[in-house]
Amino acid sequence: MIIVLLGAPGAGKGTQSEILQERLHMLHVSSGDLLRDNLKRGTELGKVAEGYMGKGEFVPDNLVIEMILQRMAAPDVERGILLDGFPRNLAQAVALDDALDVKGKRVNAASYIHVEFDALIDRLSGRLTCRNCGHVFHEKFAPPKVPGVCDVCGGELYQRDDDKRETAVKRLGIYFEQTQPIIEYYRERGILCQVNGEQPITQVTEDLLNCLR
Ligand code: AP5
């Protein structure tokens, strides 16, 4: 199975992917996490990506496509992949389909988590991310047990630079312009399912699972 998770920045793709990968025994592949890992390790890709990510802009397609296709070529993807944050525009969606076509595979489902603009801003501006394991919390909606400390690994929680209000607004603008059209791309192929992301996290998971079934 190859499942694409769609939704605006802050819709809950990362939160749901973490839960779904356990429930569905699939691998969570997040383009944002892979890029942040490259930044942390100081790779050539990380150095180029940093400038774009800091400004809330897309990293160039050729770099992201290569990074994702390389990750998808590893043996551990055989149990199925949950793609989070990729594809993010039509060029990336077409590149993914072409690469899968060569292997006789295809995207089986695209799950779209819908959340309105104001709620997205609230979520991004209150998000806390673990510096060590990447688990996400929210200061109001999903607070850690101990302030500033990750429940999962004890790591330090921080606010992502691109979650500052001005950058978050810019990211949402780019999302509506460039990523929204791929929702129609998958809808036209009959593989889109849409869930209401403005519900408790557990309910969003159940709706996603029902939709995928
Ligand atoms: P990326 O890391 O992919 O960020 P994003 O798509 O903007 O998504 P987010 O991680 O912001 O949100 P999410 O939907 O995962 O929400 P979350 O679960 O954390 O990308 C970062 C950057 O990398 C991009 O800007 C770009 O520069 C670059 N990049 C990445 N992919 C690229 C690509 N394909 N092409 C080019 N460039 C690329 O939830 C958000 C908050 O809400 C959390 O605090 C959470 O606790 C809370 N929350 C979640 N669900 C609920 C709920 N149901 N109710 C209440 N609160 C909730």
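Author: Start with Lys13, which counts as buried because its relative accessibility is 11%. Buried means under 20% relative accessible area, exposed means over 50%, and partly exposed is the range in between, with a 1.4 Å probe and protein chains only. The model is predicted, so local features need pLDDT of at least 70 and side-chain atom pairs count only at pLDDT 80 or more, while totals for chains, interfaces and linings use all residues. Residues are numbered from 1 along each chain as its sequence is written, and side-chain values use heavy atoms, with hydrogens and water left out.

Lys13 sits in helix α1. Helices (H or I, at least four residues) and strands (E, at least two) are DSSP runs, numbered from the N terminus. Lys13 and Ser111 are 98 residues apart along the chain, and their C-alpha atoms are separated by 9.6 Å. For another pair, take Ala74 and Val115: they are 41 residues apart in sequence and 33 Å apart in space, C-alpha to C-alpha. Ala74 belongs to the loop between α4 (61-72) and β3 (81-84).

The ligand is surrounded by 35 residues, the closest being Thr15, Glu57, Arg88, Arg127 and Arg171. The shell around the ligand divides into 15 nonpolar, 11 polar and 9 charged residues. In this count Ala, Val, Leu, Ile, Met, Phe, Trp, Tyr, Cys and Pro are nonpolar, Asp, Glu, Lys and Arg are charged, and the others, Gly among them, are polar.

Several atoms pair up here. A polar backbone atom of Gly12 is 3.0 Å from an oxygen atom of the ligand. A backbone N or O atom of Gln199 lies 2.8 Å from a nitrogen atom of the ligand. From Arg171, a polar side-chain atom lies 2.6 Å from an oxygen atom of the ligand. The ligand has 1,000 Å² of accessible area on its own, and the protein covers 96% of that area. The most comes from α2, with 4 residues. Accessible areas come from the Shrake-Rupley method with a 1.4 Å probe, and for residues only the protein chains shown count as cover. A polar contact is a pair of N or O atoms within 3.5 Å; within protein, one must be able to donate a hydrogen and the other to accept it, and residues adjacent in sequence count only if both atoms are side-chain atoms. A contact within the protein is found between the side chains of His28 and Asp84, at 2.9 Å. His28 is in strand β2 (residues 27-30) and counts as buried because its relative accessibility is 18%.

Side chains of opposite charge can pair when their charged atoms come close. A salt bridge is a side-chain nitrogen of Lys or Arg within 4 Å of a carboxyl oxygen of Asp or Glu. The side chain of Arg171 meets that of Asp163 in a salt bridge (3.0 Å, N to O). Arg171 counts as buried at 9% relative accessibility, and Asp163 counts as buried at 0%. A network of salt bridges links Arg171 and Asp163 with Arg127, Arg160 and Asp162.

Glu57 forms a salt bridge with Lys170 through their side chains (3.0 Å, N to O). Glu57 lies in the loop between α3 and α4 and Lys170 in helix α7 (residues 165-188), so this pair ties together parts that are 113 residues apart in sequence. Glu57 is partly exposed at 27% relative accessibility, and Lys170 is partly exposed at 34%.

By contrast, Lys47 and Glu44 are 3 residues apart, about one turn, in helix α3 (residues 44-54). Their salt bridge has its closest N and O atoms 3.6 Å apart. Lys47 is exposed at 52% relative accessible area, and Glu44 counts as exposed at 60% relative accessibility. The whole structure holds 15 salt bridges.

Technical notes: Near = heavy atom within 4 Å.
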